[in-house]
Amino acid sequence: MSDLSPMDLYEKLTAQGDTVRSLKAQKSPKDYKAGCPPVDGEMVLDNGAAPEDGDDQVDPWNVSSSSAKGVDYDKLIVRFGSSKIDQELVDRIARVTGKTPHCFLRRGIFFSHRDMHQILDAFEKQKSFYLYTGRGPSSEAMHVGHLIPFIFTKWLQDVFDVPLVIQMTDDEKYLWKDLSLDECHRYAVENAKDIIACGFDVNKTFIFSDLDYMGASPAFYRNVVKVQKHVTFNQVKGIFGFTDSDCIGKISFPAIQAAPSFSSSFPQIFGDRTDVQCLIPCAIDQDPYFRMTRDVAPRIGYPKPALLHSTFFPALQGAQTKMSASDANSTIFLTDTPKQIKNKINKHAFSGGKDTIEEHRKFGGNPDVDVSFMYLTFFMEDDERLEKIRQDYSSGALLTGELKKCLIETLQPMIAAHQERRKLVTEEVVRQFMTPRKLHFN
């Protein structure tokens with residue numbers, strides 16, 4: 001075992017990576033040899049620069065910012081080495097699909113990408129792709145922030161007419177949380193009901209529990225093992241910050257989250273094809289998993305997955321952290337009643353308004369830090385009305401209580417409609433979605 005501290009190892013790996021990255025730029029893709037394990041100094045893991053003092057903390061388990069506006073996403077793009085979703089890309093998606101871009105694209109909620117132009121290039125040449133997203137089921141009830149990737153993934157599935165796989169990482173939650181295996185699996189099934197209620201097409205969607213599928217699919221497990229062979233312990237510590245006291249299940253888990261990125265993990269859908277590219281819509285805190293995956297993919301003979309990254313859904317108390325299911329007062333659950341929604345927003349939603357009505361009328365509020373306005377950018381469909389609310393709040397014409405009322409009136413019917421759709425999701429419907437089978441795939 002190395003005597004270096006985890007930070008020393010990280011700095012050493014980063015330095016090695018910079019050297020190898022420059023050498024790698026001189027090589028063609030043909031230099032990669034599928035099936036070969038890494039040798040010292042050979043494999044590049046594009047980890048992004050380590051956060052400096054004062055930077056936002058963003059990783060798969062922690063999100064925090066010192067700014068009332070939340071995470072600085074422009075800085076995060078630079079740190080993670082991804083690409084900004086600019087107006088040119090949004091316009092191109094509109095041209096290729098023939099559809100108006102989703103409001104999450106128009107408003108910068110999905111703000112960063114890796115290789116989306118490559119996906120569109122292939123699609124224009126009649127080459128399809130598939131979607132992959134997931135959910136870590138740590139509680140029985142999901143909250144509104146959990147809906148963001150699924151709302152957008154549903155739109156992608158509809159406009160591109162492609163299959164979708166949804167991974168329920170119940171194994172991950174067993175490893176990280178104080179929960180039993182049975183609890184984690186039950187949460188996976190309950191969360192699947194909320195996901196199905198988003199309106200996914202059963203003929204094009206496969207939802208799977210890791211605890212169920214990995215033991216039943218030799219092809220999936222083979223890809224897990226391939227990834228495991230090509231990432232060293234030091235590398236995974238550098239990416240995820242694991243320590244010597246973490247259980248070995250945590251250390252090996254990233255390979256399980258990587259495996260759905262490869263079409264050969266789903267022979268019932270894609271047959272023996274290994275060349276179908278994957279597009280992953282996810283919050284940007286999941287990017288470390290897929291930076292690792294993209295580095296491994298060419299070494300095992302697979303295409304790199306492309307990604308679309310979303311911003312975080314802020315807690316009611318402010319954008320310094322994302323909404324968490326572990327704090328009921330920071331969260332609006334999909335099970336909340338209209339009264340609970342109203343009370344939570346009125347009592348806990350952080351305001352960008354002034355201390356008195358007189359000051360607010362004179363100086364206006366700050367929508368950039370106001371949580372109610374932030375939530376409306378996610379869930380209010382009408383762009384013109386949203387902009388009018390922004391202008392009125394900034395000018396002082398709209399008071400904080402009135403802004404909160406707008407949000408309450410937006411969320412109450414949305415969540416009530418979701419609850420009605422969820423009631424229609426029977427155990428038989430869940431079984432259909434979670435049974436390995438052939439999907440409609442062109």
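**Close-up 1. Gln-257 and the residues it touches in the predicted model.** Leaving aside residues up to four places away in sequence, Gln-257 touches Tyr-132, Gln-167, Thr-169, Gln-286, Tyr-289 and Phe-290, where contact means heavy atoms within 4.5 Å. Gln-257 belongs to helix α12 (residues 248-258); helices (H or I, at least four residues) and strands (E, at least two) are DSSP runs, numbered from the N terminus. With 7% relative accessibility, Gln-257 counts as buried. Buried means under 20% relative accessible area, exposed over 50%, and partly exposed in between (1.4 Å probe, protein chains only). A word on reading these views: residues are numbered from 1 along each chain as its sequence is written, and side-chain values use heavy atoms, with hydrogens and water left out. Because this is a predicted model, local features need pLDDT of at least 70 and side-chain atom pairs count only at pLDDT 80 or more, while totals for chains, interfaces and linings use all residues.

**Close-up 2. Helix α5 and its surroundings.** Met-116, Ile-119 and Leu-120 are the buried residues of α5 (residues 116-124). Looking down the axis of α5, these buried residues fall within an arc of 95°, so they line one face of the helix; the arc is taken from the directions from the helix axis to the C-beta atoms. An α-helix has 3.6 residues a turn, so residues three or four places apart point the same way. The cover over the buried residues of α5 includes α3 (87-97), β4 (110-114), β5 (129-135), α6 (147-160), β8 (277-283) and β9 (306-310).

Close-up 3. Let's step along to Gln-126, which follows α5 and sits in the loop between α5 and β5. Its phi is near 70°, a positive value in a residue other than glycine. Gln-126 counts as exposed, at 72% relative accessibility. Asp-161, in the loop between α6 and β6, also has a positive phi, near 55°, and is likewise a residue other than glycine. At 35% relative accessibility, Asp-161 counts as partly exposed.

**Close-up 4. Strand β7 and its partner β6.** In β7 (residues 205-209), 5 of the 5 residues are buried, so the strand is largely enclosed by the rest of the structure. Thr-205, Ile-207 and Ser-209 point one way from β7, while Phe-206 and Phe-208 point the other way. Strand β6 (residues 164-168) runs parallel to β7, joined to it by 5 bridges; two strands pair if DSSP finds at least two bridges between them. Across from Thr-205 in β7 stands Leu-164.

**Close-up 5. The nonpolar cores.** A nonpolar core is a set of buried Ala, Val, Leu, Ile, Met, Phe, Trp, Tyr and Cys residues joined through side-chain atoms within 4.5 Å. The largest one here has 70 residues, and those with the most contacts inside it are Phe-110, Met-116, Phe-160, Ile-207, Leu-279, Ile-332 and Tyr-375. Helix α6 gives the largest share of this core, 8 residues. At least three residues come from each of domain 1 (57-317) and domain 2 (338-423), with bounds from an automatic or database domain assignment. Another core, of 37 residues, lies apart from it and has Tyr-132, Phe-240, Phe-242 and Phe-253 among its members.

Close-up 6. The structure holds 0 disulfides, a disulfide being a pair of cysteine sulfur atoms within 2.5 Å. For Cys-282, the nearest cysteine sulfur is that of Cys-278, 10.0 Å away. Cys-282 counts as buried at 6% relative accessibility, and Cys-198 counts as buried at 17%.
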